[in-house]
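Here are my notes for you to read alongside the structure. Keep the viewer open and look up each residue as you go.

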Amino acid sequence: MTHGPAGSPPGVDVPGLTRWLEDAHPELAHAPLTATVIAGGRSNLTYRVDGARIPLVFRRPPLGHVLASAHDMHREHRIISALAGSAVPVPPAIAFVDDTEADRVTGTPFFVMALVEGRVLAHPSQNRHYRPAGLHHLGIELAQTLADLHAIDPASIGLADFGRPEGYLERQLRTWRRQYDASRSRELPRLDALQDALGDRMPASQRSGLVHGDYRLDNALVGDGDDGPRIAAILDWEMSTIGDPLVDLGMFGLYWTIADLPGALGPMPSAVDTSAGYPSFDELVDAYAAREGTSVPDLGWYRAFAAYKLAVIAEGIHLRWQAGETVGEGFDRIGALVDPLAGEGLTRLSSSTGRH
């Protein structure tokens, strides 16, 4: 299902969703539902659903990418369910449904969770809502929450089979090499050099644990606490698995400092601004290590790998933009970020001296 009936946003049959809720969760059914898209794109589509006894959030795979995303949809629901009651705040999961054959609601897998009130901080203008001390604490809390995630024994929450830690980094690099090969449309010597260097200098993983896969400020919901902003929930678990936790720290560092990359803030805006009060990334790593009670090894390879992954993603978007397959603003500038990202990765590799 791509377009729902009249009154339904693309991708969901709202009357069908109303009937499903009445049948599956009558304790939540109250009135005919309404759905509004609140996030969409390459990631799973997200809708706010009103009319039930509590506000709901509904997630389904991107339009036109059902088969590729079905597995990710189930994984996302599974880890959110497993993390309920843990030190990592997540939205309360309600149900996962494979609607592929029945086609009552989406014709795809989907899942439903309770709405968590909060704000996604994705632009510097949003920092005006908070005091500098509040933003500093928010950053530290985000780092501590990542440490809390990595401290969880997957088997203790029913996720022993959630991934294969052995050979994780090798598989990751192979996966992204394939993605890069599928996106090639021009010569990118620095990205090629970075890819080769990552393979040559791959570290041995020190440990394994749950990995979020895309950990950054704008994948968190920020709520209002008594003393300022707080992390209300961590979102977007579709890339989660069991692997090397330092991959999360590498990606966290890339996005935390993305404003330092020339030309990035147009197509890849970030709310992080140390002049507004946010801590430096070194402070975040220190807070992460203190929470874990361990020291964090050199992150140079992991930060370089994060830059490589984002460069490959950007090159794929650039290829689709050239083919006229993207809709929206900023896509025309994505391609210009690929070479600076490759340069950032090479710099991180060459300057690995033991600091973050």
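**Notes on the predicted model**

1. Let's begin with the surface. The protein chain exposes about 15800 Å², and carbon and sulfur atoms supply 51% of that area. Keep in mind that you're looking at a predicted model. As for cover, 51% of the 356 residues count as buried.

2. Now zoom out to the whole fold. The protein chain has ten helices and nine strands. Its radius of gyration is 21 Å, close to the 21 Å that the globule rule gives for 356 residues, so the chain is as compact as a globular protein of that length. If you'd like dimensions for the C-alpha trace, the spans along its principal axes are about 60 × 50 × 40 Å.

3. Strand E2 (residues 45–50) pairs with strand E3 (residues 56–60) in the antiparallel sense, over five bridges.

4. Follow the pairing on to E5 (109–114). E3 pairs with E5 in the antiparallel sense over four bridges, and strand E4 (residues 93–98) also runs antiparallel to E5, joined by five bridges. Which residue of E5 is the bridge partner of Arg-59? It's Phe-111. Phe-111 turns up again as the bridge partner of Phe-96.

5. Is E5 mostly covered or mostly open? Mostly covered: six of its six residues are buried. In a regular strand the side chains alternate between the two faces of the sheet. Here Pro-109, Phe-111 and Met-113 are on one side, Phe-110, Val-112 and Ala-114 are on the other, and both sets are buried.

6. Most residues other than glycine have a negative phi. Asp-103, though not a glycine, has a positive phi of about 55°. You'll find Asp-103 in the loop between E4 and E5, and it counts as partly exposed because its relative accessibility is 37%.

7. The other one is Asp-236, again not a glycine, with a positive phi of about 55°. Look for Asp-236 in the loop between E8 and strand E9 (241–243). Its relative accessibility is 23%, so Asp-236 counts as partly exposed. The cut-off for buried is under 20%.

8. Why does Gln-126 count as buried? Because its relative accessibility is 17%, and buried means under 20%. Gln-126 is in the loop between strand E5 and helix H3 (132–151). Once you set aside residues up to four places away in sequence, Gln-126 touches Arg-119, Val-120 and Leu-121.

9. Arg-230 and Leu-142 are 88 residues apart in sequence, yet their C-alpha atoms are 8.8 Å apart in space. Beyond its neighbours within four places in sequence, the contacts of Arg-230 include Leu-138, Glu-141, Leu-221 and Asp-224.

10. Last stop: Arg-201, in the loop between helix H5 (189–200) and strand E6 (209–211). With a relative accessibility of 44%, Arg-201 counts as partly exposed. Which residues does Arg-201 contact, leaving aside its neighbours within four places in sequence? They are Trp-301, Leu-349, Ser-350 and Ser-352. Arg-201 and Trp-301 are 100 residues apart in sequence, with 7.5 Å between their C-alpha atoms.

Technical notes. Residues numbered from 1 in each chain as written. Predicted model: local features only at pLDDT ≥ 70, side-chain atom pairs only at ≥ 80, totals over all residues. Heavy atoms only, no water. Contact = heavy atoms within 4.5 Å. Pairing = 2+ DSSP bridges. Helix = DSSP H or I, 4+ residues; strand = E, 2+ residues; numbered from the N terminus. Rg over C-alpha atoms; globule rule 2.2 N^0.38 Å. Buried < 20%, exposed > 50% of the residue type's maximum accessible area, 1.4 Å probe, protein only. Areas by Shrake-Rupley, 256 points an atom, 1.4 Å probe, with all protein chains shown as cover.
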